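Okay everyone, thanks for coming. Let me put the structure up on the screen, and then we'll walk through a few parts of it together.

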Amino acid sequence: MASSMFFTIICAALLLCSSLAYAQKATPPAPTPTPAPAPAPTYVNLTDLLSVAGPFQTFLGYLESTKVIDTFQNQANNTDEGITIFVPKDAAFSSLKKPSLSNLTQDQLKSLILFHALPHYYSLADFKNLSQMDPISTFAGGQYTLNFTDVSGTVLLDSGWSRTKVSSSVHSTDPVAVYQVDKVLLPEAIFGTDIPPMPAPAPAPEISPAADTPSSVADKGSSPATSAPNSSNSNINLGIFTQLVLAVSGGLALLL
């Protein structure tokens with residue numbers, strides 16, 4: 001009786017231990033926390049940006065009339081590459097006399113506006129490396145290329161017809177960079193390679209010497225020396241004339 005009760009207790013203890021061990025094995029591990037997703041880039045409305053950022057109304061008008069604004073907007077917010085836009089000031093368009101944009105076809109005008117953008121985001125620091133890869137294709141593609149030069153942090157652009165610089169940064173946050181330039185970028189693919197020579201700089205005005213300079217003093221000091229020979233010559237001529245008069249007078253006296 002005692003032995004059967006002891007056997008029963010042992011079996012119960014073994015069963016309890018095996019249940020606890022199974023329960024520990026069956027317990028699933030704690031889930032690993034999921035990392036928070038990266039914040040989405042801020043949406044940039046190019047129309048609003050150019051409307052308030054500076055005197056860019058002329059360029060914005062061309063963007064809208066050619067529908068290029070839709071192309072740029074899609075590149076800015078729906079691609080991983082981003083976009084870099086070079087925006088001329090209104091004064092750059094008003095000062096453009098030759099060649100004129102009024103003679104361009106609609107397709108040429110669209111290509112010219114596309115020529116003012118690169119299909120990739122570039123910060124100002126990126127242009128130092130970009131200048132070593134010239135020429136750089138623009139959004140217009142094909143032969144529409146730009147050359148870049150970085151001079152001590154100043155970014156220079158050369159399209160053949162236009163040589164200008166980035167004068168200020170309007171917006172530069174990945175994926176959109178907008179930089180102000182002082183001239184309209186004119187591509188050789190539209191206006192040809194017969195580029196007129198750049199006007200020569202105006203010569204510096206000549207500066208006349210001051211009144212008390214050494215040369216002036218020397219000139220003043222030499223004036224008496226130059227006048228002395230003239231006075232001597234006058235005295236000699238007067239003596240000769242006097243002698244002639246006396247000789248003629250003496251001759252006449254002898255005859256009389």
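So, is the crossing in which α3 passes α6 left-handed or right-handed? It's left-handed. Before I go on, keep in mind that this is a predicted model.

Staying with that pair, α3 and α6 have their axes 10 Å apart and pack at an angle of about 125°. With that angle, the two helices are oblique to each other. On the α3 side, the residues that meet α6 are F59, Y62, L63 and S65, and they come up against Q106, L109 and I113. If you sort the residues of that contact, you get five nonpolar, two polar and no charged.

Now let's look at the other partner of α3. Helix α2 covers residues 46–53 and α3 covers residues 57–65, and their axes come within 9 Å, crossing at roughly 160°. That makes the two roughly antiparallel. Here too we have a left-handed crossing, with α2 passing α3. From α2, T47, L50 and S51 meet Q57, F59, L60, L63 and E64 of α3. This contact divides into four nonpolar residues, three polar and one charged.

Next, the core. The largest nonpolar core has 50 residues, and the ones touching the most other members are L63, F72, I85, F86, L112, F148 and L157. What gives the most to this core? Strand β7, residues 176–181, with five residues.

Setting aside anything within four places in sequence, I85 is in contact with L46, F59, F72, H116, A117, A177, V178 and Y179.

You'll have noticed H116 in that list. H116 sits in the loop between α6, residues 106–114, and β2. So is H116 buried or exposed? Its relative accessibility is 0%, so H116 counts as buried. Again leaving out neighbours within four places, H116 touches F59, T84, I85, F86, P88, V184 and L185.

Last stop, another loop residue. S123 lies between β2, residues 117–118, and α7, residues 127–130. With a relative accessible area of 19%, S123 is buried too, because the cut-off for buried is under 20%. And which residues does S123 touch, not counting those up to four places away in sequence? Those are S172 and Y179.

Key:
Residues numbered from 1 in each chain as written. Predicted model: local features only at pLDDT ≥ 70, side-chain atom pairs only at ≥ 80, totals over all residues. Heavy atoms only, no water. Helix = DSSP H or I, 4+ residues; strand = E, 2+ residues; numbered from the N terminus. Buried < 20%, exposed > 50% of the residue type's maximum accessible area, 1.4 Å probe, protein only. Contact = heavy atoms within 4.5 Å. Axes fitted to C-alpha atoms, helices over the stretch in contact; angles between N-to-C directions. Parallel < 35°, antiparallel > 145°, perpendicular 65-115°, else oblique. Left-handed = near helix turned anticlockwise from the far one by under 90°. Nonpolar A, V, L, I, M, F, W, Y, C, P; charged D, E, K, R; others polar. Core = buried A, V, L, I, M, F, W, Y, C linked by side-chain atoms within 4.5 Å.
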